[in-house]
Amino acid sequence: MRTKIVLLFFAAAFVLLAAAVPAENLIVNSEFDAADGLSGWQTDIGSWQLGYDAGTCSGSYSALGTSAVLGIGSQYLRMRQTDCLAVDPNATPALYLGATYRTTANVWARLYLRFYSDGDCLSHLGFSDFVFGGTSASFNRIVDLIAIPATAAGMRFWVDFNPKNADEPQFTAEVDRIYLGERAEIFDDGLEAEGGSVCRWSASEGLVY
């Protein structure tokens, strides 16, 4: 009987470990680490540079943007991922999209995906719903599940900061710890496979910084 109980225990533990697969981040250089800087990112509106890391991690940064005047006369700030990501809506009907941001301006922080009908991101299909948050003087985490269109074959990640009023003055905003993946993140502070950081974690068991 004891042997049977032990075997059942290990079988249950194996199932739990198999279920706890780390969330894989599809975004390259999602935490703007020192070696990569802003590599993999393209400025669309405004100017971007490295800012303070959301977790004060040494050797890692955030993307700090300063808005510019859009054609309609309003201040605006936007950048996008350079890489085109392939997607199969049948295998992956939805993805989790999230990031950490902060700004004291009267703006909406918005995360979204732009979809294409080809794997090279040439034929535009449309945009996803927004994952958004309002003014936040301290770093704020936003995340939501985004549906993938049935006809999509490629996609890119975009982030923008959109003024709530047309006459808002020039502003700055920061974004960090961007995540795009099939599974919900296990850790809020970024310890994920493929682009996660361990700088907030101790190598000693039971100790977390």
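**A buried glutamate and the salt bridges**

Guide: Start with a polar contact of 2.9 Å, which joins the side chain of Glu168 to that of Asn106. Keep in mind that this is a predicted model.

Glu168 sits in a loop. That loop runs between strand E12 (154-163) and strand E13 (172-181). A second polar contact, of 3.1 Å, links the side chains of Glu168 and Asn165. Leaving out residues up to four places away in sequence, Glu168 touches Gln75, Asn106 and Pro163.

Does Glu168 count as buried or exposed, and what is its nearest side chain of opposite charge? Glu168 is buried, yet it has no salt bridge. The nearest side chain of opposite charge belongs to Lys164, 8.3 Å away.

Side chains of opposite charge can pair when their charged atoms come close. The count comes to 4 salt bridges. One of them joins Glu174 to Arg102, with the closest N and O atoms 2.7 Å apart. This pair links distant parts of the chain. Glu174 is in strand E13 and Arg102 is in strand E7, 72 residues apart. What is the relative accessible area of Glu174? The value is 10%, and because buried means under 20%, Glu174 is buried. Arg102 has a relative accessible area of 23%, so it is partly exposed.

Another salt bridge is formed by Asp160 and Arg110. Here the closest N and O atoms are 2.8 Å apart. This pair, too, links distant parts of the chain: Asp160 in strand E12, Arg110 in strand E8 (residues 107-116), 50 residues apart. Asp160 is buried, and so is Arg110.

Glu185 and Arg141 also meet through their side chains in a salt bridge, at 2.7 Å from N to O. Glu185 lies in the segment after E13, while Arg141 lies in strand E11, so the pair ties together parts that are 44 residues apart in sequence. Arg141 has 22% relative accessibility, so it counts as partly exposed.

Next, the sheet. Strands E13, E7 and E11 are among the members of an open sheet of 5 strands. The order is E2-E3-E13-E7-E11, and the pairing is antiparallel. Which are the edge strands? They are strand E2 (47-52) and strand E11 (136-147), and each pairs on one side only. On average, neighbouring strands of this sheet are turned by 30 degrees against each other, direction ignored.

Look at one pairing within the sheet. Strand E7 (residues 94-103) and E11 run antiparallel and are joined by 9 bridges. Leu97 has Asp144 as its bridge partner in E11.

Finish with the loop between strand E6 (85-86) and E7, where Thr92 has its place. Thr92 counts as buried because its relative accessibility is 12%. Setting aside neighbours within four places in sequence, Thr92 is in contact with Ile148 and Glu182.

Note on methods. Residues are numbered from 1 along each chain as its sequence is written. This is a predicted model: local features need pLDDT of at least 70, side-chain atom pairs count only at pLDDT 80 or more; totals for chains, interfaces and linings use all residues. Side-chain values use heavy atoms; hydrogens and water are left out. Helices (H or I, at least four residues) and strands (E, at least two) are DSSP runs, numbered from the N terminus. Buried means under 20% relative accessible area, exposed over 50%, partly exposed in between (1.4 Å probe, protein chains only). Lys and Arg count as positive and Asp and Glu as negative; His and the chain ends are not counted. A polar contact is a pair of N or O atoms within 3.5 Å; within protein, one must be able to donate a hydrogen and the other to accept it, and residues adjacent in sequence count only if both atoms are side-chain atoms. Contact means heavy atoms within 4.5 Å. Two strands pair if DSSP finds at least two bridges between them. Axes are lines fitted to C-alpha atoms, for helices over the stretch in contact, and angles run from 0 to 180 degrees between N-to-C directions.
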